[in-house]
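Here's a quick briefing to read alongside the model. Have the sequence and the 3D view open as you go.

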Amino acid sequence: MVSASGDAALRLIFGHNVQPLNMSLIPAYNDLMPELKEPSFNTVKGVHYGISYEWGPNILMWNTKVFPQAPTSWGVIYDKAHAGVVTVPDNPIQIADAALYLSHTKPDLGITDPYELTQPQMDAVVALLKEQRALVKKYWALASDEVDLFKSGDAQVGSAWPYQANTLRAAGVPVQDTIPVEGATGWADSWMISAHAEHPNCAYLWINHVMTPKVQAQQALSFGETPGNTKACAEMDAEQPGACKQYHADASSAYFASIKFWKTPVKSCGNGQNNCLDYGAWQRAWQQVKQ
């Protein structure tokens, strides 16, 4: 089995590394959030190759002492006024965050999906990210890296996950977070079964175990994620009062709709064209940014 984020799932599917799932063997599927039942990052032409179990948004986080007025736009992490105190993830999928921002600030680029970029669109995104490079104190690879950056004061604003924000607040660091006016990207992890699994029955037993409300709640609180099972909310509050709201497990459909979830960039565009850049091109573009 594999737990795959949305930026990897389609690579596994199109590479024939994982097998279709029999959803009738997974009772908890019926209790999933509607938006996670057939997401484009793990379901192809109606065939399920994964089941979404935990998710979270990429939030904008800042130190409230340095930013007494809450920023409302991702523009703050591209603003030269904040040179040297910005931090963002070290991940090619971070390109989508910049693409989402440009889809709102430069609509003439025609970006309708931040994961479906043509070469001219990618060129514009890379140009923005290269400008941002001079502002970045450090690209973080681990959540703990960003926590340390904010604790030390080396970073004051950046892209984060709810885990970092909650961890820092618990440690007394004055941070706040939001989903900006442009919306946000986000991740949802899927359990998938190898195409060559020798014991698929064991795999289904595992999936059914981790999809139960109590285990979903325990994992959410342990890793700072949000459970996909709608019945996990009560279990979260039983384990840690207020956790359901804290991790947006009771979020409205409008909140969920503001998040563009990771999916593997492929050459096929959503408009029927095949001139979008695949993940390999995204990896090369990210290296260009960091040079």
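Before the helix packing, one convention: the axes are lines fitted to C-alpha atoms, for helices over the stretch in contact, and angles run from 0 to 180 degrees between N-to-C directions. Keep in mind that this is a predicted model.

**Helix packing**
- H3 and H11 pack with their axes 8 Å apart, at an angle of about 30°.
- Angles under 35 degrees count as roughly parallel, so that's the label H3 and H11 get.
- Their crossing is right-handed.
- On the H3 side, the contact is made by Met122, Val126, Leu129, Lys130 and Arg133.
- H11 brings Trp282, Ala285, Trp286, Gln288, Val289 and Lys290 to that contact.

**Salt bridges**
- The count comes to 7 salt bridges.
- One of them pairs aspartate 31 with lysine 231, with the closest N and O atoms 3.7 Å apart.
- Aspartate 31 sits in the loop between helix H1 (6-14) and strand S2 (43-44), and lysine 231 in the loop between strand S11 (226-227) and helix H8 (232-239), so this pair ties together parts that are 200 residues apart in sequence.
- Lysine 263 and aspartate 113 also meet in a salt bridge, at 2.9 Å from N to O.
- Here lysine 263 comes from the loop between strand S12 (259-261) and helix H11 (279-290), and aspartate 113 from the loop between helix H2 (95-105) and helix H3 (119-133), so the two ends are 150 residues apart in sequence.
- Are these two buried or exposed? Lysine 263 is buried at 15% relative accessible area, and aspartate 113 counts as buried at 16%.
- Glutamate 116 forms a salt bridge with lysine 263 too, its closest N and O atoms being 3.3 Å apart.
- That pair links distant parts of the chain, 147 residues apart, with glutamate 116 in the loop between H2 and H3.
- Glutamate 116 is buried as well as lysine 263.
- Through shared partners, Asp113, Glu116 and Lys263 end up in one salt-bridge network.

**Nonpolar cores**
- The largest nonpolar core has 59 residues, and those with the most contacts inside it are Trp55, Ile77, Ile95, Val125 and Trp282.
- There's a second, separate core of 16 residues, including Met23, Ile26, Leu32 and Val210.

**Helix H5 and its glycine**
- Within H5 (residues 162-170), the buried residues include Pro162, Gln164, Ala165, Asn166 and Leu168.
- Glycine 172 follows H5, and its phi is positive, near 85°.

Methods. Residues are numbered from 1 along each chain as its sequence is written. This is a predicted model: local features need pLDDT of at least 70, side-chain atom pairs count only at pLDDT 80 or more; totals for chains, interfaces and linings use all residues. Side-chain values use heavy atoms; hydrogens and water are left out. A salt bridge is a side-chain nitrogen of Lys or Arg within 4 Å of a carboxyl oxygen of Asp or Glu. Helices (H or I, at least four residues) and strands (E, at least two) are DSSP runs, numbered from the N terminus. Buried means under 20% relative accessible area, exposed over 50%, partly exposed in between (1.4 Å probe, protein chains only). A nonpolar core is a set of buried Ala, Val, Leu, Ile, Met, Phe, Trp, Tyr and Cys residues joined through side-chain atoms within 4.5 Å. Angles under 35 degrees count as roughly parallel, over 145 as roughly antiparallel, 65 to 115 as roughly perpendicular and the rest as oblique. A crossing is left-handed if the near helix is turned anticlockwise from the far one by less than a right angle, and right-handed if clockwise. Contact means heavy atoms within 4.5 Å.
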